[in-house]
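Visitor: I have a structure open and want to talk through a few spots in it. Can we start with a residue that sits in a loop?
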Amino acid sequence: MTFGSDRGVQGSGANSSQASLPAELSDSGRRQVGLRWWALALIVLIPRALVFPWNENMAGDAIARTWLAHFWLGAPHLIGSFDQGGLQFGPLHVYLLALFEVFIPSLELSGRVLSFVLGALTAIPLFAFTRRLFGTTAASWAVACFSLWGLHVQASTTAASEALNLLLMISLLALLQAWREEGRRELLLGAALLLNLACATRYDSWLLLPILTGVVWLHGRRWQTATWFGLASGVFAAAWMGGNALDRGNPLYPFAYIDAFHRDWFPREVAVWGEAKYRLMCLVFWPGAAALTLTPLVALAGMAGVFRAWRARKELRWLVFLVAFPTALYTVRAVFFSSFAPLVRFTMKEVLLLLPFVWFGAQPVLTRLSAGARRGLIAFAVACAVVWPTWLGWFCFRTEGPWPDTLRAISPSSTNERRLMKVADWLKANGATTTDGVLLDEDPIGYSDMQVGFFSGFPYERQVRRRSILFEQRVASNRLRFVVRFEGGRLEREGRLLVDGARVTFDGQVFDEVPGFAPPLHVYRRVD
């Protein structure tokens, strides 16, 4: 089987890719690999299936993408630029979210099912890729660590784009490595196709275009092959830049938009943490994210494997570069240029690429230990890998406070603040009997208004959201029944929402406060 051959997994020298195992496994070997694969598939599915019923779409990205897909589904069209329905997001994920909404007509569920499917499928190319590099044992360890990676469990049960992006990335790398070993052009063409799809999902994948084109050139120094791979891989990028050039006058407008967002965001983080402390956090952010999400022992083994591969497996230096270069680039941007504010989910590509190296990095230590000590160390590492995400998920589940709020970003459990869900649940219960709309003020310090609106049960068209570019259109087309106000919110600052004790007035309509909600959230009902 080309995608997952064991060829080239033995040896540690520069020429080990030509080495000693046969290209085809015996029948008994195939059965053993098959049984091992089914066992690994089960342990990948179990943690994701356990948290799926309880997790929620959290933060603005998953919700914004889901709404964009819902809006697109009302008038399907080719998304050709920022202005044509994609905004700062790649269009492929929007299309897939819309497709799943067709079959699962629940905004709260459809995108999460998509991520669950894609997240589970990621184990297949990860196993195949690692098996080519280091053998079946290393592949089994990589998938086992992947199954317990709490951050990916979260990504697999929410509607953000990381599950899709990681599946595409590891799949294209598996095909690229297969081409490096076998030289068949259709493998390289498949990698180019998947690279287009990755670029149509997230912009950080665009960094792979020049890097992997260089990798293709270095393998045999064939300019013709590298040129056609680069051109084939860049079809989406060229079309997307053309669309943005026509609509915005800037082919890289989405990058400029995102860059401006990060430049504005960075000083806000400095204000919270302090200048020196925040820059230090940015300096260690990538290795810290690996240690906190994979557990320190797994992360250390992966990093050790990366360093060992650089020295002993020269044919894998391209993969080491693929881990190190983005890490260095984003770290330098944050620490020295204040132009990037890292989030833990931005590290997921590099953290995923540590997993194939875990067994390779652990081998030098394990081989020096006695059999008993080796078993003890492995048992301790497995226990940590199970206990840490389990405890983290429990600690962050439907709880608030400084530590749960801080750790929620890396927890396998993804739940919103209960005060927000209390408002959303009340709106869902009381809005079911009305055809009127709800006015949602804009949260002055975050995106909580998006959470409330998403889980309120109100149709998208009846949510009059101050954050939306369609705000005035929604005001004109809806008769308001309820108001959700954030203290210091945008409507209040603009003088559009007038507060008078337990009563507010919006455009001449009067609303009385509904008791029972915790500040800074206030809920009001229209006075009839």
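Predicted model: local features only at pLDDT ≥ 70, side-chain atom pairs only at ≥ 80, totals over all residues.

Visitor: Which loop is T157 in?

Guide: T157 lies in the loop between helix 7 (150–155) and helix 8 (162–182).

Visitor: Buried or exposed?

Guide: T157 counts as buried, because its relative accessibility is 0%, and the cut-off for buried is under 20%.

Visitor: How far is T157 from R375?

Guide: Their C-alpha atoms are separated by 33 Å, and the two residues are 218 apart along the chain.

Visitor: What about E56, where is that?

Guide: E56 is in the loop between helix 1 (27–51) and helix 2 (60–74). At 9% relative accessibility, E56 counts as buried.

Visitor: What does E56 touch?

Guide: Not counting residues up to four places away in sequence, E56 touches T158, R398, S414, T415, N416, R418, M421 and F455.

Visitor: Switching to pockets. How much space lies in the second largest pocket?

Guide: About 570 Å³. The second largest pocket has 27 lining residues, and those nearest its centre are W141, A301, V358, A362 and A381.

Visitor: Which elements give two or more residues to that lining?

Guide: Helix 6 (136–147), helix 16 (296–312), helix 19 (358–366) and helix 20 (371–396) do. Helix 16 provides the largest share of the lining, with eight residues.

Visitor: And by class, what is in the lining of the second largest pocket?

Guide: The lining has 22 nonpolar residues, three polar and two charged.

Visitor: Helix 6 came up there. How many residues does it have, and what does it reach end to end?

Guide: Helix 6 has 12 residues and reaches 16 Å from first C-alpha to last, close to the 16 Å expected at 1.5 Å a residue.

Visitor: Why call helix 6 largely enclosed?

Guide: Because nine of its 12 residues are buried, helix 6 is largely enclosed by the rest of the structure. The buried ones are T136, A138, A139, S140, A142, V143, C145, F146 and S147.

Visitor: Last topic, helix 13. How many residues, and what span?

Guide: Helix 13, residues 253–273, has 21 residues and reaches 30 Å from its first C-alpha to its last, close to the 30 Å expected.

Visitor: Which of its residues are buried, and what do they pack against?

Guide: In helix 13, Y253, P254, H262, W265, F266 and V270 are buried. These buried residues pack against helix 12 (235–248), helix 14 (275–283) and helix 17 (317–337).

Visitor: What comes just after helix 13?

Guide: G274 does, and it takes a positive phi of about 95 degrees.

How values were computed:
Residues numbered from 1 in each chain as written. Heavy atoms only, no water. 1 Å grid on protein atoms, 1.4 Å probe; cavity = no way out; pocket = protein on both sides within 12 Å on 5 of 7 lines; lining within 4 Å. Points joined across faces, edges and corners; volume = space filled by probe spheres on them. Helix = DSSP H or I, 4+ residues; strand = E, 2+ residues; numbered from the N terminus. Nonpolar A, V, L, I, M, F, W, Y, C, P; charged D, E, K, R; others polar. Expected span 1.5 Å × (residues − 1). Buried < 20%, exposed > 50% of the residue type's maximum accessible area, 1.4 Å probe, protein only. Contact = heavy atoms within 4.5 Å.
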